[in-house]
Amino acid sequence: ELIAGAGFDWILLDTEHSPNDPESVLTQAQAAAAYPTSTIARVPWNDMVAIKRFLDIGLQTLLIPYVCSVKEAQDAVAYTRYPPAGVRGVAGSTRATCFGRLADYARRAHEELCVLVQVETKAALDQLEGICAVDGVDGVFIGPADLHASMGYTGETSHPKVVPVIEEAIRRIA
């Protein structure tokens with residue numbers, strides 16, 4: 001609540017590198033709901049079951065970590081879409097559907113979702129334009145710590161050989 005009311009446009013609830021799980025993210029999202037901020041959850045991995053659980057509790061924006069290829073970006077989007085556009089499992093009475101009160105949720109959910117992917121390796125940067133072009137990817141984050149590690153500079157989060165690579169990636173994304 002403290003952070004949600006501090007005037008930020010959005011806040012990130014991390015489940016990749018924290019002990020957060022869907023239950024704790026749910027309570028944090030409920031606490032933030034009273035404030036003019038958007039809640040983003042970084043899921044633990046690009047995993048269909050994990051992504052479904054965060055969507056079913058009502059999160060509309062997800063950050064998918066460690067997306068290394070166009071195929072993985074396509075999978076991330078497919079995990080957020082109901083058939084035939086994707087593979088998200090359909091459940092009728094979830095928090096996301098207002099417990100079954102949103103009759104057209106399954107048909108329209110994709111219109112209200114935001115899928116962000118996190119590119120964190122040099123190999124992923126080599127496919128950056130393709131990842132950005134995947135229909136349904138709404139934004140791309142650069143993961144600087146893992147990118148540094150993939151380039152041989154583990155723990156050096158401002159290495160002079162990596163910072164220009166990040167700056168160039170940001171330009172390419174824009």
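The legends below describe close-up views of a predicted model.

In this predicted model, local features are given only where pLDDT is at least 70 and side-chain atom pairs only at pLDDT 80 or more, while totals for chains, interfaces and linings use all residues. Residues are numbered from 1 along each chain as its sequence is written, and side-chain values rest on heavy atoms, with hydrogens and water left out.

View 1. Helices (H or I, at least four residues) and strands (E, at least two) are DSSP runs numbered from the N terminus, and two strands pair if DSSP finds at least two bridges between them. Strand β1 pairs with β2 in the parallel sense over five bridges, with Leu12 opposite Ile40 of β2. The chain passes from β1 through α1 to β2 in a right-handed β-α-β crossover, a term that applies if, with the strands pointing away from the viewer, the path from the first strand over the helix to the second runs clockwise. Three bridges join β2 to β3, again in parallel; Ile40 stands opposite Thr61, and Ala41 opposite Leu62. The crossover from β2 through α2 to β3 is likewise right-handed. Because four of its five residues are buried, β2 is largely enclosed by the rest of the structure; buried here means under 20% relative accessible area, with exposed over 50% and partly exposed in between (1.4 Å probe, protein chains only).

**View 2. The two faces of strand β3 and its pairing with β4.** In a regular strand the side chains alternate between the two faces of the sheet. From β3, Thr61 and Leu63 point one way while Leu62 and Ile64 point the other way, and all of these residues are buried. Four bridges join β3 in parallel to β4, which spans residues 114-119, and the bridge partner of Leu62 in β4 is Val115.

**View 3. The buried side of helix α1.** In α1 (residues 22-32), the buried residues are Pro22, Val25, Ala29 and Ala32. They cover an arc of only 80 degrees around the axis and therefore lie on the same side of α1, the arc being that of the directions from the helix axis to the C-beta atoms. The buried residues of α1 pack against β1 (10-14), β2 (38-42) and α2 (48-56); contact means heavy atoms within 4.5 Å.

View 4. At the start of α2, a side-chain oxygen of Asp47 reaches to within 3.2 Å of the backbone nitrogen of Val49. Along the helix, Ala50, Ile51, Phe54, Leu55 and Asp56 are buried, and the buried residues of α2 pack against α1, β2, β3, α3 and α4. After α2 comes Gly58, with a positive phi near 105 degrees.

**View 5. Gln118 in strand β4.** Gln118, found in β4, has 6% relative accessibility and so counts as buried. Its side chain is joined to that of Arg42 by a polar contact of 3.3 Å, a polar contact being a pair of N or O atoms within 3.5 Å of which, within protein, one must be able to donate a hydrogen and the other to accept it, and residues adjacent in sequence count only if both atoms are side-chain atoms. Residues up to four places away in sequence aside, Gln118 touches several others, including Arg42, Leu63, Tyr66, Phe141 and Gly143.

View 6. Ser69 is found in the loop between β3 (61-64) and α3 (70-80), where its side chain reaches the backbone nitrogen of Glu72 at 3.1 Å. With 16% relative accessibility, Ser69 counts as buried. Neighbours within four places in sequence aside, Ser69 is in contact with Gln127 and Ile131.

**View 7. The aromatic pair of Tyr82 and Tyr105.** A search of the whole structure finds three aromatic pairs, where rings of Phe, Tyr and Trp (its six-membered ring) pair if their centres lie within 6.5 Å, and planes under 30 degrees apart count as stacked, over 60 as edge-to-face and the rest as tilted. The ring centres of Tyr82 and Tyr105 are 6.2 Å apart and the planes are at 75 degrees, so the pair is edge-to-face. The pair links distant parts of the chain, 23 residues apart, with Tyr82 in the loop between α3 and α4 (105-112) and Tyr105 in helix α4. Tyr82 and Tyr105 are both buried.
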